[in-house]
Each structure stands twice: as C-alpha cells, then as structure tokens.
Amino acid sequence: MNASEYNFNAYSEGWAAGKQETLLKLQAELSTLALESKANAYESRYENLVLMLSDIDKVIYKMLED
C-alpha cells in the first residue's frame, strides 16, 4: 500500500468514526430531551415519545457550536 492509499484509508476511517460518534451523540441528546419533556409525562412507550422541532434545532445548534 502506498502513502496515498494509506492516507485515503485513514481519512475514510476517521470520517466514518466521526460520523458514527456524532449520530450516537445526537441520538442520546434527543432521547434525553424526549424523556425529560413534560409533553411525554404520561407516555409509557418509547416509540410514542414526541419532540418539538424547535427543541431538535436547539440540540443541533448546540452540537455545531462545540
């Protein structure tokens, strides 16, 4: 493997790992937000939890600032 292929593979693997980490962090943030929302206070099924789009925007903007 030459240096160019090695660098390409390293970049690709780093990009994929960063993407996975970002999506897992987003999922965790949104799940926490949904569980703490007063709108979901009486909901017992995880798949029925709701989020406001404005709250999702806030989480995304917060992640972009970090």
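Modeller: This is a predicted model. What covers the buried residues of helix α1 includes α2, residues 53-65. The buried residues in question are Leu30, Ser31 and Ala34 of α1. Buried here stands for a relative accessible area under 20%. Residues three or four places apart in an α-helix point the same way, because there are 3.6 residues a turn.

Helix α1 itself runs over residues 3-36, and its 34 residues should span 50 Å at 1.5 Å a residue; the end C-alpha atoms are 49 Å apart, which agrees. Serine 12 also lies in α1. With a relative accessibility of 29%, serine 12 counts as partly exposed, since the buried class stops under 20% and the exposed class begins over 50%. From the C-alpha atom of serine 12 to that of alanine 28 the separation is 24 Å, for 16 residues along the chain.

As for the setting, the protein chain has two helices and zero strands. Its radius of gyration is 18 Å, well over the 11 Å that the globule rule gives for 66 residues, so the chain is more spread out than a compact globule. The C-alpha trace spans about 60 × 25 × 15 Å along its principal axes. Of the 66 residues, 11% count as buried. The accessible surface of the chain is about 5800 Å², with 58% of it belonging to carbon and sulfur atoms. The chain carries 6 positive and 11 negative charges, and the mean positions of the two sets are 7 Å apart.

Technical notes: Residues numbered from 1 in each chain as written. Predicted model: local features only at pLDDT ≥ 70, side-chain atom pairs only at ≥ 80, totals over all residues. Heavy atoms only, no water. Helix = DSSP H or I, 4+ residues; strand = E, 2+ residues; numbered from the N terminus. Rg over C-alpha atoms; globule rule 2.2 N^0.38 Å. Buried < 20%, exposed > 50% of the residue type's maximum accessible area, 1.4 Å probe, protein only. Areas by Shrake-Rupley, 256 points an atom, 1.4 Å probe, with all protein chains shown as cover. Lys, Arg positive; Asp, Glu negative; His and termini not counted. Charge placed at Lys NZ, Arg CZ, Asp CG, Glu CD. Expected span 1.5 Å × (residues − 1). Contact = heavy atoms within 4.5 Å.
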